[in-house]
Amino acid sequence: MLLRDQLRDLTRARFGRAPDQCDDRQLYEALLTLCRDRARALPAPEGERKLYYFSAEFLLGKLLSNQLLALGLRDEARDYLEELGRDLNAVESLEPEPSLGNGGLGRLAACFLDSIAALGLNGDGVGLNYHYGLFRQVFRGEKQTEEPDPWMEKPGWLIPTDRRFSVPFGAGELTAVLYDIAVPGAHSGRACRLHLFDVERPAHAPWNGIQFDKGDIPHQLTAFLYPDDSDEAGRLLRVYQQYFLVSAGSQLILAELEERGFAPEALADHVVVQINDTHPSMVIPELIRLLTQRGLTMDQAVDQVSRTCAYTNHTILAEALEKWPLAYLETVAPRLVPIIRELDRRAREACPDPRTAILDGQSRVHMAHMDIHFGFSVNGVAALHTEILKTSELKPFYDRYPEKFRNETNGITFRRWLEDCDPELAGLIDGCIGRGWRRDAWELEGLLAFREDAGVLDRLLAVKAANKDRLCRDLLARQGAEVDPMSVFDIQAKRLHEYKRQQMNALYVIHQYLEIKAGRLPERPVTVLFGAKAAPAYVMAKHIIHLILCLSRLVEADPQVRPWLRVVMVENYNVTWAERLIPACDLSEQISLASKEASGTGNMKFMANGAVTLGTLDGANVEIAQLVGPENIYTFGASSDQVIALYRGSEPDGRSYRPLDYYHRPAVERLVDFLVSPELLAIGDPVSLSTLWRDMKGKDWFMALLDVEEYIAVKNRALHDYGDRRSWAKKMLVNVAKSGYFSSDRTIRQYNEDIWHLK
Ligand code: 26V
């Protein structure tokens with residue numbers, strides 16, 4: 001059926017009027033219903049083996065545009081709405097964004113689902129149906145505040161199912177109800193499912209900010225993603241969420257196994273579970289529990305599960321590696337406790353090195369250790385990250401099980417992150433190399449043939465300029481920020497974390513500010529854009545946001561500085577903002593302290609949209625640098641080896657990092673001291689600014705002062721080079737051309753070949 005006919009039927013039935021009589025809201029509801037129902041009607045992929053991708057987060061972003069694209073309806077919908085004198089973008093903007101993730105890890109899971117569906121692989125996602133997603137960030141008085149961010153509306157994407165499972169908590173059972181989102185595969189004619197579990201009777205208001213009754217598990221379990229875990233009740237709720245997810249998910253696996261006609265003894269032949277970070281790690285003991293309940297011996301159950309589960313590590317930050325007190329598990333999932341003790345016993349037998357034990361001396365369960373002993377695969381998410389895991393963070397495990405370790409470099413779906421968010425660039429690429437890259441991103445390499453083509457290079461610059469104009473209009477409309485579209489757009493958009501070093505970027509802003517005030521004008525105007533949410537309980541991250549917002553106000557109010565330097569932080573950075581910021585970016589900031597960013601995926605998105613990277617040799621930046629060559633990327637800073645040595649205090653001279661050594665350089669001292677200057681104190685909160693100032697001088701755990709001087713120099717070199725427009729356009733072109741490696745279709749094919757073996 002043609003889209004226009006189906007839309008007409010839908011609006012007649014629902015609103016009693018033809019599409020041309022409908023308002024945007026009604027058109028949105030009709031299009032959503034149309035996509036949802038077409039996607040759910042697509043056949044599921046086939047295969048004797050099935051993948052379950054377990055993740056506490058799926059950061060989906062808006063779905064309408066993406067689903068239209070995957071269903072091959074995008075152009076038809078756009079043309080039809082145009083005929084009616086309407087604008088598809090305006091209709092799409094009405095969709096609330098499902099923010100069921102924090103950042104990279106959750107967005108990766110969403111890209112993976114898109115690729116699994118596109119490749120027609122037999123796999124589904126398993127997660128939780130958080131009602132309020134991640135919080136909505138609101139700026140008040142140059143500070144972040146948090147509000148609930150509801151996204152579930154009717155009609156919506158969730159498809160109710162009949163599946164119900166009983167989850168046995170210590171205090172009693174709770175029913176898990178399953179909702180599905182159908183994920184249509186572009187080109188495959190198949191759809192996979194995102195399974196989202198919910199409690200039976202979720203609580204509704206009253207809300208007080210994002211505070212809620214954390215003790216009311218039966219009604220609040222799925223209210224928020226990662227509730228503030230700075231207190232006991234919050235942490236406990238998180239364990240409740242995790243067990244709820246894995247218990248219901250494991251029961252779903254076994255129910256489907258039975259429906260497919262296979263015995264539980266054959267689990268490992270027909271099922272593979274990918275554990276996305278340690279949040280779903282309890283799937284291991286839970287599956288063992290359920291298999292023994294179905295008659296398998298402990299040995300058989302452990303054997304099956306160990307050949308079914310595979311673990312992905314997404315961070316080397318020790319504070320992010322989960323260790324749950326056994327006492328929590330006794331409350332939440334008491335039936336897992338004897339199983340975990342038994343697994344610990346077996347692990348100690350297999351590997352006497354006490355550093356690899358599951359239970360430590362303080363009776364805490366090391367989730368990653370359980371995954372590694374009782375899974376068949378462990379992967380890092382970029383080449384450097386995997387090397388660091390093998391040689392340092394997880395070395396004792398690598399020594400014991402070298403065959404389990406592999407690298408699977410992350411990827412992004414080019415359907416959302418190029419075709420959909422940058423249609424003008426996509427059109428330009430089509431004109432150069434045809435449309436084949438839309439199916440196979442490797443074909444982007446064909447763009448290299450246009451390196452010396454002045455016409456193409458100029459059009460590339462024109463597309464970038466148009467995207468910058470579009471962003472300027474958005475910034476003005478959404479937060480009243482006026483930005484010069486002719487300035488260089490220098491963008492750092494990612495979660496706020498000290499290791500990502502937004503504070504070092506802020507020091508650059510201070511440097512430029514002081515230069516301009518001293519009458520030394522830069523070569524050209526720059527707009528430094530930030531997008532970042534801080535975890536509600538992460539105090540230092542909030543101080544950094546405060547600093548950036550204060551700098552923004554300072555610069556904004558200064559007529560001498562404003563023409564040369566602007567600082568804008570977008571409010572409530574989310575997938576929707578990313579889709580606007582990334583196509584408009586000139587310079588992509590990827591400046592984490594080397595060794596700390598496992599991969600990064602924003603770096604790949606910016607690159608694919610023709611931004612040039614300014615980065616440290618960290619995470620996937622290393623692979624970007626290898627692909628594009630030194631003339632098409634700006635790198636700086638200490639290497640990961642140097643950083644690791646500094647942390648160990650094992651530099652050749654036995655030195656460890658002392659920020660004061662760097663602070664006392666005159667060029668650095670004046671930047672850091674500006675945090676407590678009269679200018680800033682007149683705007684900001686003295687306690688917040690001086691806390692940050694003291695931390696930078698005295699601790700600087702992520703070594704911003706170590707790299708800041710080189711950072712400023714290299715950034716200024718990039719800004720200088722920007723002036724040669726043709727040569728800059730060439731860099732842009734090479735970045736787009738080489739980005740195909742980072743397609744999540746490539747990543748997923750590789751997971752399938754190395755780990756899943758689905759077909
Ligand atoms: C979690 C936490 C939780 C508590 C305190 C501090 C902290 C710091 C970091 C994290 C990160 C959790 C895992 C994560 O999101 N990793 C990201 O995964 C991306 C996809 O693989 C990857 O591109 C990013 O480099 C990595 O940070």
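Predicted model: local features only at pLDDT ≥ 70, side-chain atom pairs only at ≥ 80, totals over all residues.
Which residue of E6 does Val-167 stand opposite? Leu-174 is the one facing Val-167.

**The nine-stranded sheet**

- This is an open sheet with mixed pairing, and its 9 strands come in the order E5-E6-E7-E2-E1-E8-E9-E12-E13.
- E5 and strand E13 (405-407) are the edges; each has a single partner strand, so one side of each has no neighbour in the sheet.
- On average, neighbouring strands here are turned by 25 degrees against each other, if you ignore direction.
- Helix H2 (residues 24-41) packs on this sheet and touches E5, E6 and E7, with its direction at about 95 degrees to that of E6.
- Strand E5 (residues 159-169) and strand E6 (residues 172-184) run antiparallel and are joined by 8 bridges.
- The two make a hairpin, with 2 residues between them.
- Further along the order, strand E9 (residues 309-312) and strand E12 (residues 377-380) are parallel, with 3 bridges, and Ala-310 stands opposite Ser-377 in E12.

**Strand E7 and its two partners**

- E6 and E7 run antiparallel, joined by 9 bridges.
- There's a hairpin here as well: 6 residues lie between E6 and E7, and His-187 has a positive phi near 75 degrees.
- Strand E2 (residues 123-128) pairs with E7 in the parallel sense, over 4 bridges.
- How many of the residues of strand E7 (residues 191-199) are buried? The count is 9 of 9.
- Both faces of E7 are covered, with Ala-191, Arg-193, His-195, Phe-197 and Val-199 buried on one side, and Cys-192, Leu-194, Leu-196 and Asp-198 buried on the other.

**The six-stranded sheet**

- The other sheet listed here is open too, with 6 strands in the order E16-E15-E14-E17-E18-E19 and parallel pairing.
- Its edge strands are strand E16 (565-570) and strand E19 (634-635), each of which pairs on one side only.
- Strand E14 (residues 488-493) and strand E17 (residues 587-590) pair in parallel through 2 bridges, with Leu-587 in E17 as the bridge partner of Asp-490.
- Helix H19 (residues 454-479) lies across E14, strand E15 (526-531) and E16, at about 65 degrees to E16.
- Helix H31 (residues 725-738) lies across E17, strand E18 (612-615) and E19, and runs at about 85 degrees to E18.

**Nonpolar cores**

- The largest nonpolar core has 132 residues, and Leu-475 and Leu-551 touch the most other members.
- Helix H21 (residues 539-556) is the top contributor to this core, giving 11 residues.
- At least three residues of the core come from each of domain 1 (42-61 + 97-410 + 747-756) and domain 2 (486-732).
- Another core, of 116 residues, lies apart from it, with Leu-68, Leu-329, Ala-333 and Val-365 among its members.
- Setting aside neighbours within four places in sequence, Leu-475 is in contact with Gly-480, Ala-481, Val-483, Leu-529, Val-568, Val-570 and Trp-577.
- As for H21, its 18 residues reach 26 Å from first C-alpha to last, close to the 26 Å expected at 1.5 Å a residue.
- H21 is largely enclosed by the rest of the structure, because 14 of its 18 residues are buried.

- Most peptide bonds are trans, and most residues other than glycine have a negative phi.
- The peptide bond from Lys-154 to Pro-155 is cis, with omega near -5 degrees; Pro-155 lies in the loop between strand E4 (143-147) and E5.
- Glu-142 has a positive phi near 60 degrees and belongs to the loop between strand E3 (136-140) and E4.
- Is Glu-142 buried or exposed? Glu-142 is buried, at a relative accessible area of 17%, because the cut-off for buried is under 20%.
- His-757 also takes a positive phi, of about 50 degrees, in the segment after helix H32 (744-756).
- His-757 is partly exposed, with a relative accessible area of 46%.

Note on methods. Residues numbered from 1 in each chain as written. Heavy atoms only, no water. Core = buried A, V, L, I, M, F, W, Y, C linked by side-chain atoms within 4.5 Å. Buried < 20%, exposed > 50% of the residue type's maximum accessible area, 1.4 Å probe, protein only. Domains from an automatic or database assignment. Contact = heavy atoms within 4.5 Å. Pairing = 2+ DSSP bridges. Expected span 1.5 Å × (residues − 1). Axes fitted to C-alpha atoms, helices over the stretch in contact; angles between N-to-C directions.
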